[in-house]
Amino acid sequence: MYTPGIKSDVLVIFLKRGKLGKSPSDSLMNLLALFAALAALEGTCAVLYENAADLASLNVQFDFIVVGGGTGGLVVANRLTENPNYSVLVLEAGGSNTDILNIIVPFYCTRATPDTPQDWNFSTTAQVGLNGRSIAYPRGHVLGGSSSVNSMVYTRGSKDDYDRYARVSGDDGWSWDRLVPYMRKTEHFQPPKTQNTTEQFNPAVHSFTGVNDVSLPGFPRDTDARVFATTSVLSDEFPFNIDMNSGNPLGIGWIQSSINLSDASRSSSATSYLAPQHIARPNLHVVLNTLVTRILRSGSNSRTGKPTFQTVEYTSSTRGSARFRVTATKEVILSAGSIGTPAYPNAFRDWRFRKFDIAWNSTGPQPSFCRPELD
Ligand SMILES: Cc1cc2nc3c(=O)[nH]c(=O)nc-3n(C[C@H](O)[C@H](O)[C@H](O)COP(=O)(O)OP(=O)(O)OC[C@H]3O[C@@H](n4cnc5c(N)ncnc54)[C@H](O)[C@@H]3O)c2cc1C
């Protein structure tokens, strides 16, 4: 019934956890899910699975497999599926980002981590600089990854840094000027209409037509005038900066945040790059609660003889579940974050790190393994 890549037959079911419960409200949900499934048979929709086993039972292939449906992973999945000829599978260890108040309400972001089901609940080893203490090291464990739990401060970084990346790598593609068009492509700047924002940002450095919502604070605070008074009293030390995202982030200015002004909610890669019009693509498939355990060598490149890694081993995020495999016909894209990418897909990690003669550093952040049980 479900055939990725064949538009007319694609079935969409937004499966909900607990869907098979027996209460009257559960029965109603089941009925609605059935109607949704039948309706979808008439049209074209993509698939958002809640369970690794749902994917395994399909026995299908994808052009690209994206490991980690976080900030970067969903951008890559979105951009690849702009081409209807590519089928893309996203495997995300965490669950859905919807209906979680601590993720949706901007000021609740401090409650989103640590020690929640949406956090990997990593902790550091004892830190010498912290008098031997171990501290929490939050990372998003949910669709949208850390963009679903972060503090939403919209920072592009400094021009100097990007230009140094370009110099060090010898690749001008990393330079500020070459990257700004992509920064603009992601940005949908919405200044609040409730106040005069003329002196609060520089429209010339922003885009008003991109994907991810960005805004300024929508209401004045008592401390604003006092903070900005320092920019005239101590202008050498604390100069006024009309826009921190111009490439020069130094000084004091108005904070820009990834917030959707229409309903004052968090804008994450899940709400933007996986918005309804994108998840509706028949060539985009997302599986939640699915932990990638290894990237396996699938063969050798016929031209270069170098090893190829196109097979992914995965399991349900519930401990002790069966392991399955799926193979990409083109590429596996690792976007499991700065800790997940090097730490989890073991085969790939060993190969890469051995190749560059780098030993895996066991003194970095370690999973204290409080990964939430989902059952
Ligand atoms: C609490 C907090 C506050 C922050 N505040 C800000 C801020 O205000 N401004 C700012 O610019 N930046 C902030 N950051 C940093 C920013 O959010 C991150 O740098 C960015 O989101 C990282 O993106 P990523 O794609 O590399 O990783 P992530 O967005 O973390 O995505 C990685 C994804 O991979 C999944 N994953 C990991 N391992 C596996 C596996 N084995 N199998 C399947 N899936 C896996 C994870 O669950 C996650 O969804 C903050 C981060 C945190 C945690």
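A: Happy to! Leaving aside its neighbours within four places in sequence, Ile103 is in contact with Asn97, Ala112, Gln118, Ser148, Val149 and Arg266. Two residues are in contact here if their C-beta atoms, placed from the backbone, lie within 7 Å. This is a predicted model, where local features need pLDDT of at least 70 and side-chain atom pairs count only at pLDDT 80 or more, while totals for chains, interfaces and linings use all residues. Residues are numbered from 1 along each chain as its sequence is written.

Q: Which helix is Ile103 in, and is Ile103 buried or exposed?
A: Ile103 belongs to helix 4, residues 101–104. Helices (H or I, at least four residues) and strands (E, at least two) are DSSP runs, numbered from the N terminus. Ile103 counts as buried because 28 other C-beta atoms lie within 10 Å. The cut-offs are 20 or more other C-beta atoms within 10 Å of a residue's own for buried, 12 or fewer for exposed, and partly exposed in between, with C-beta atoms placed from the backbone.

Q: And how far is Ile103 from Thr113, C-alpha to C-alpha?
A: The separation is 9.6 Å, for two residues ten apart along the chain. Pro114 sits in the loop between helix 5 (109–112) and strand 4 (122–123).

Q: What about phi, which residues other than glycine have a positive value?
A: Two examples are Met152, with phi near 65 degrees, and Asn289, at about 55 degrees. As background, most residues other than glycine have a negative phi, and most peptide bonds are trans. Met152 is in the loop between strand 5 (136–137) and helix 6 (159–169), and it counts as partly exposed because it has 19 C-beta neighbours inside 10 Å. Asn289 is in the loop between strand 10 (284–287) and strand 11; with 23 other C-beta atoms within 10 Å, Asn289 is buried.

Q: Changing topic: which residues come nearest to the ligand?
A: Gly68, Gly70, Gly145, Asn150 and Gly340 come nearest, out of 33 residues around the ligand. A residue is counted there if its C-beta atom, placed from the backbone, lies within 6 Å of the molecule.

Q: What does that shell look like by class?
A: The shell has 20 polar, eleven nonpolar and two charged residues. In this scheme Ala, Val, Leu, Ile, Met, Phe, Trp, Tyr, Cys and Pro are nonpolar, Asp, Glu, Lys and Arg are charged, and the others, Gly among them, are polar. Helix 3 (71–80), strand 11 (290–296) and helix 11 (337–343) each give at least two residues to the shell.

Q: Now the inside. How many residues are in the largest nonpolar core?
A: There are 42, and those with the most contacts inside it are Ile65, Val67, Leu91 and Val312. Such a core is a set of buried Ala, Val, Leu, Ile, Met, Phe, Trp, Tyr and Cys residues joined through C-beta atoms within 7 Å. Strand 2 (residues 62–67) gives the largest share, five residues.

Q: What does Leu91 touch?
A: Beyond four places in sequence, Leu91 is in contact with Ile65, Val67, Val287, Thr290, Val292, Val312 and Tyr314. Leu91 is in strand 3 (residues 88–91), which is covered on both faces: Val88 and Val90 on one side, Leu89 and Leu91 on the other, are all buried. Strand 3 pairs with strand 2 in the parallel sense over four bridges, where two strands pair if DSSP finds at least two bridges between them. Val67 stands opposite Leu91.

Q: And which strand pairs with strand 11?
A: Strand 14 (residues 311–316) does, antiparallel, over six bridges. Ile295 stands opposite Val312 there. Strand 14 also runs antiparallel to strand 15 (residues 323–334), joined by five bridges.

Q: Last one: where does pLDDT stay under 50?
A: It stays under 50 over residues 1–45 and over residues 347–375. pLDDT is the predictor's confidence in each residue, from 0 to 100. The chain averages 82, and 79% of the residues score at least 70.
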